[in-house]
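Please look at the sequence and the model together, and follow the paragraphs below from one packing arrangement to the next.

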Amino acid sequence: MTVIARRLAGHLARGLVMVLVVTSISFVIIRNIPGDPIAARYEKLIEQGMSPEQAERATAVLYGFMPKGNLWQQYLDYMSGLFRLDLGESLMTPGAQVTDVLFEATKWTVLPVLVGTLLSFLIGIMMGVYAAIKRSGRLGDILAVSGSLLHGIPQYVLALLLGALFTTLIPILPSGGTADIMFEPGFNLGYIGSLIEHAALPVLTYALASYGGWILAMKSSVVTVLGDDFILAAELRGMKRSIVFRYIARNAILPLFTILALSLGLLFGGAIFIERIFNYPGLGLMLIDSITNRDFALMGGAFLLITIAIIVANIVADMLYTVIDPRVRSGEEAGR
Amino acid sequence: MAVSVETSAETPVEPMPESAPKTAPGVRVGGLSVVYKTPAGELPAIAGIDLELRPGTITGVVGESGSGKSTLALSLLNAVQPPGRIAAGSVEIDGLGDVVGLRGEELRKARGRHIGYVFQAAQNSLNPLKTVGKQLLDLGRSHGVSDLRALVREAKELLGRMGLDGARVLDSHQHELSGGMRQRVGIMLALVLNAHLVVLDEPTTALDMITQATILRIIREVHEERGLTTMVITHDLGVVAEVADRLAVMYGGRVVEQGPTHEVLATPRHPYTRGLLGAIPRLVGDIDEARALPGRPPTLGTVPREGCVFRERCALRMDVCETVEPPTVADGPRLVACHAVEAGGAVREESA
Amino acid sequence: MSDMNPAVALPGGARATLRRNFWRGVWRVLKRKPSRMAGAIIVLGFAFMGVFGPLLYPDQLPRDDNALYAPPSWAHPFGTDFEGTDVLALVVTGAQYVLLTGLVTAVITIVLGTGVGLFAGFRRGRWDSVLMRITDMKLTIPGLPLLLVLSTIWKFSSAWEMGLVLGLLGWGGVARAVRSQTLSLRERGFIEAARGLGLSTTHIIGRELLPSMAPFIAMNMLIAVTGAVYAQVGLFFLGVLPFEANNWGVMLNLAVFGGGALTTTAALPYLMAPLLAILLLTLGIVLVVDAMDEIFNPRLREE
């Protein structure tokens, strides 16, 4: 147990440093925007007849810190706001808290990413096992090559190709949004059907984009395990094929769980292209919109959230490993 | 070995025929050849081996790496790994018949149940993710053991017999056991199903001296108590001297000399055996007397295609060695394959 | 069979022979599978396009106001864009920016990554752990979001600047890999053996370590080129950067968000042309990497 606790503490410490780094980057960027929009905003509010105090407060709400005084004071204000989970107000949707906007957007990122990734994980590892066992055959070759091609193609190219195919050439799927506006959001058949229809392309893209990676990873993992002594030993002890197969599968899949957790974290950032292309209002689209609209509070918040997702994924991956691999649990170094 | 994706349909396990030998079986290897597929064609790893394991004896098989001794051991279970295959010959085991002809389920059930195989201790022969106990149960289920409690009891007893705390070991993962403990677990798994033919592949390699001695003592004791037929594969003559009743010396995929251990060690006939014994430095005595054989053992690709495989390194080489493979000739209780020995005891005088 | 690199203390003549044999090996590997030859030709073709592409067309590409979004024809194999400019010409002239960025990125990635990795693996100890901590952190910061955020204050206007930024962001993976390679060579007694022969550190790194890692580094370099191409085309496609020069990403952006290629078929050829260019380049590089794998990995070669 202490091993787990120690590892967790280490992760949390590193995660905290990462958060500091990322928020500092946001701060520096907001301070250094060409044309100093903070000052411009402040002056504009004064021109509109606000008192200096009012204007200052209004600006602070938008950027997360007071645009006055010395730089350290501003930085500390910004950071303390963050730790109170107060990220300021969004410029794009006046009056809305950044945290609320982010929460709403996260929902639309998490669901398709999760479904798409799990789908490709399941299919990918099964195909990977097959590709490993038939690795000297023609089919195994085809699986491996298709895997590396899919793995090599960037996500947005895949998304654009799928989009062009299913929304332009054979227009059977909607090209954007989360659901048709004609349906009342809620638990009714029309809305849910429309939701699924709209999520189909993003999910399909996530799935296809990561599928190749799973095939390759699982194939090489299975090939490694097949060469392990204990597999031959199990066969020479006359173990049933189904049991030997379970030995292989469990050992081979182990390192992939870590990758799975990590990739779920990374997909928060990777969702940017897919959400932009299919106009899907998740975190990625939010980040881009905030940049094009110069909504810096929202930008900083989205950037931070994406980073936190990765940190959390790292922790989950490591904890997962600790739970399923007895070697780590008892404090030995992971890996063979 | 390739494992197919489909998990074999659970065929109802018929109760093991009680014909499973309760006594030590004899093993007769006849004309056994194993070839490996390489870019240069199929090359023989072992060629035309004749060897008998008498019931109730321990036979030591000695050879350098590449001599084909491990291939021979795997052949006893018809488990030569691709790209190798048994090209010719038979392995007759009492109560099982010719193992070379066994396929599929028949073969699988013979392994573990009739023939126990013990891996080199340094190899990780246990699933790292499961406790020893769980793997023991997997083994029991694989062989249709109905009384798993009795199996566990038997395992604990065996482990206790070998000086281990059975309950604790069964509860451990591989990484929690030392090399010597792993080796004893390996022996337990080979015996727990009551196999009476046991093959040990380099059982003491990579163990420290004390553990080596313990393992060898255990092998000897268990062998006698349970009435086994045992084959020990090793490169270490000391191991053979310690445990084996009979000794077979392999070189270049052939058994060049075999016979009672003490006789072979005391008066080696084949020039290779003589060289092998000469290469062992003694604690007492002049280090200069320890003389390594000149040259290197052949590998798959460099084994001569015809004639004697040892001639390149042989001090007694004759013209006939170039072209004719020496036949195995009986010399008292001993079998030797050497033209020079056959030609008459010239050996003793010439090698000073 | 020894894992040791044959370059240990070879006399000059032997080295030359080795090089000659190497090129002969390359030729043989390429010849064995026609797909690899195709890969090499594709990559060389793109290189040619990147260097000479802009010279094939006038500085100001001709526009045809009567043929906006024209369908593919003999005159315009991929149709025309919203201004009536030939799409193929856009792809060819746009290649320079894309490939130059890729090259700059790859060079920076490799130099930095190899440097850090070698240093960490060679010195070990405190330097190693500090450098690897930093590398880990760098690998944790989400690259694309960071680029987007950076784009608010930095416009990456030239291919050089773009390459510099991508390179500075991208060296982490190579550093890790080179470090572990160094450590494994070290474990095999490689470095100690060279030390024992009285060779200087520069000599060990420059003449022994680097050459033995060269194939690995070369492969990573090709992969870095593709990564950089994807990243910058993606950035321009997202539309957060000003469109300074003609390049594939700008084309994609205009086709999708300007021409509505995901709703109407008119702009589809405009969309497909740069996509095909990216796919073809990917294919070429995948095939070449496959060939390199076989050239440098003797285990695969022997089958």
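Two residues are taken to be in contact if their C-beta atoms, placed from the backbone, lie within 7 Å. In this predicted model, B:Leu136, B:Leu137 and B:Gly140 of helix H3(B) meet B:Leu148, B:Leu151, B:Val152 and B:Ala155 of helix H4(B). The two helices of chain B, H3 (residues 132–142) and H4 (residues 148–161), have axes 10 Å apart and pack at an angle of about 130 degrees. Because angles over 145 degrees count as roughly antiparallel and 65 to 115 as roughly perpendicular, H3(B) is therefore oblique to H4(B). The crossing in which H3(B) passes H4(B) is right-handed.

As for A:Ala302, once its neighbours within four places in sequence are left aside, it is in contact with A:Leu102, A:Leu283, A:Met286, A:Leu287 and A:Ser290.

What remains is the meeting of two chains. The contact between chain A and chain C takes 39 residues from chain A and 30 residues from chain C. On the side of chain A that touches chain C, the elements giving two or more residues include helix H1 (2–31), helix H6 (138–152), helix H11 (283–292) and helix H12 (296–324) of chain A, while the largest share, 8 residues, comes from H7(A).

Terms used
Residues numbered from 1 in each chain as written. Chains lettered and ligands numbered in written order. Predicted model: local features only at pLDDT ≥ 70, side-chain atom pairs only at ≥ 80, totals over all residues. Axes fitted to C-alpha atoms, helices over the stretch in contact; angles between N-to-C directions. Helix = DSSP H or I, 4+ residues; strand = E, 2+ residues; numbered from the N terminus. Parallel < 35°, antiparallel > 145°, perpendicular 65-115°, else oblique. Left-handed = near helix turned anticlockwise from the far one by under 90°.
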